[in-house]
Amino acid sequence: MPKINKETIDKIMDVAKIEEVIQDCLGSYGPNNPSGLKKSGVRYKALCPFHDDKSMGSFIVYPKGNCYKCFSCGAKGGVIEFLMEHEKLSYPDAIRWLGKKYSILVDDVPVDWTYTPRPAPPPLPTLHLPMSMVLRTQYAATPNNDNLLAWIGSGIRWDCVQRRRIPLVLADYHVGHGRNGHTIFWQIDESGHVRTGKMMKYREDGHRDKEAKWNFDFIHATLGRHWDADRREMVEEPPYPFPDIYNPEKQEPALTFFGMHLTQAAMYRHATIKLVESEKTAVLMAIAYGNSASDLWMACGGLEMITRERLKPLIDQGRRIILYPDRDGIAKWKAKMHQIGYDRMSIDTDPVLKWWRPEDGPKADIADVVVRMLNNAKPLKNIQEVKVHMPETKQLIENLNLDIEPNEPE
Ligand SMILES: [Zn+2]
């Protein structure tokens, strides 16, 4: 196939605008197109078309840099990369696509020129938010709006040791509470820097409230907006009312795992990292099984978040990592583990396969199974029940040849 003239390509690259190209491919955001492109201050955002994105906030389009970037899966590039990745076009066909859009005649004069990607703009310094912001939400005056917090307190039959651990776990993980009923899961890195926070709304039964308006957001993204009580929605307020805290032209957000800062706690210096998908699950598991120096529960926030780059602090520390996928995600998590290729990482599917019961649901994760077990647990009434339900104790009784009183009458 004849090659395209280089001057033609330069002409096209001069006029092609990233926001126009992406808008053509994804459409505009609206009630009928929730995954479309939406203006957000001086930038645009959309649901990321390159990973299974459930809520806006990660995929940002920068007209100024004529590029896009996803802060979750790491997809990035300019107009050509977008067309090649999203429309599955070859490089020459991407040029032809743009030629058609911008009415530039793509001639077929053969020249010896092949595509070299534009060098990416140098990365901006990583955004660090003030710790005072975290503490303000952690010790908020009205944490009672927080349905998740209320459910953790009253919806689960914790034993007395676990119940005493609740406030300690919430404090260690810096779980915060927003004024509008959000639970805030702060992401603090291995050096103690606050990267951002994830705000989510929950229902009274402890499940995500996906019907509510503004049920999900990142803290860094909210800094450019405010809640309009009359319209009952978030309103963009460009340009950035908190330029001293976050100026997107000068810093860029970088996500990390929820709980990463705890790797620096003396207690967890040698702990195995137990990695789950959701932040809520990490908190529940830390309450159920935590306070043990051998396990540190962390949440990645989604499979696409597991990258070698984000795992780096854990790999550098030589940590053992065990992945706990949701029941419907086992195959994908296994594939990801092999792709990462870290020899101290393994996967444990027992909780969602061996311990699982149909009432946990097809998408159950380890916490769904554990909470069901806690809530169904009946106190063991006599030694016969102990022997049936606690095989290790039965073994112990037999090994030690303990003389135990026969069953008490009921
Ligand atoms: Zn993405």
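Predicted model: local features only at pLDDT ≥ 70, side-chain atom pairs only at ≥ 80, totals over all residues.

Student: What makes the site of the zinc ion tetrahedral?

Tutor: The angles among its four donor atoms are 103 to 117°. Four donors count as tetrahedral if all angles lie between 85 and 135 degrees, so the site of the zinc ion meets the criterion. For reference, ideal angles for four tetrahedral donors are 109.5 degrees.

Student: Which residues are the protein donors of the zinc ion, and how do you know that they count as donors?

Tutor: They are Cys 48 (SG), His 51 (ND1), Cys 70 (SG) and Cys 73 (SG), lying 2.1 to 2.3 Å from the ion. Donors are N, O and S atoms within 2.8 Å of the metal, so these four atoms qualify. Along the chain the donors have the spacing C-x2-H-x18-C-x2-C. His 51, in the loop between β2 (43-46) and β3 (59-62), and Cys 70, in strand β4 (residues 67-70), are 19 residues apart, and this pair links distant parts of the chain.

Student: In which order do the strands of the five-stranded open sheet lie, and what makes β1 and β5 edge strands?

Tutor: The order is β1-β2-β3-β4-β5, with antiparallel pairing. Strands β1 (38-40) and β5 (76-77) are the edges, as each pairs on one side only.

Student: How do you know that β2 and β3 pair?

Tutor: Two strands pair if DSSP finds at least two bridges between them. Tyr 44 stands opposite Val 61 in β3.

Student: Why are helices α2 and α4 called roughly perpendicular?

Tutor: Helix α2 (residues 18-26) and helix α4 (residues 91-101) pack at about 95°, with their axes 12 Å apart. Angles of 65 to 115 degrees count as roughly perpendicular, and α2 and α4 are therefore described in that way. In their contact, Glu 20, Val 21, Asp 24 and Cys 25 of α2 meet Trp 97, Leu 98 and Lys 101 of α4. These residues comprise four nonpolar, no polar and three charged. Helix α2 also lies across β2, β3 and β4, at about 135° to β3.

Student: What is the strand order of the open sheet of four strands, and is its pairing parallel or antiparallel?

Tutor: The order is β13-β12-β14-β15, and the pairing is parallel. Its edge strands are β13 (295-299) and β15 (345-347). The twist averages 25° from one strand to the next. Strand β14 (residues 321-323) is joined to β15 by three bridges, and Leu 323 stands opposite Ile 347 in β15.

Technical notes. Residues numbered from 1 in each chain as written. Heavy atoms only, no water. Helix = DSSP H or I, 4+ residues; strand = E, 2+ residues; numbered from the N terminus. Axes fitted to C-alpha atoms, helices over the stretch in contact; angles between N-to-C directions. Parallel < 35°, antiparallel > 145°, perpendicular 65-115°, else oblique. Contact = heavy atoms within 4.5 Å. Nonpolar A, V, L, I, M, F, W, Y, C, P; charged D, E, K, R; others polar. Donors = N, O, S within 2.8 Å, 3.2 Å for Na, K, Ca; no water. Tetrahedral: all angles 85-135°; square planar, octahedral: opposite > 155°, others 65-115°.
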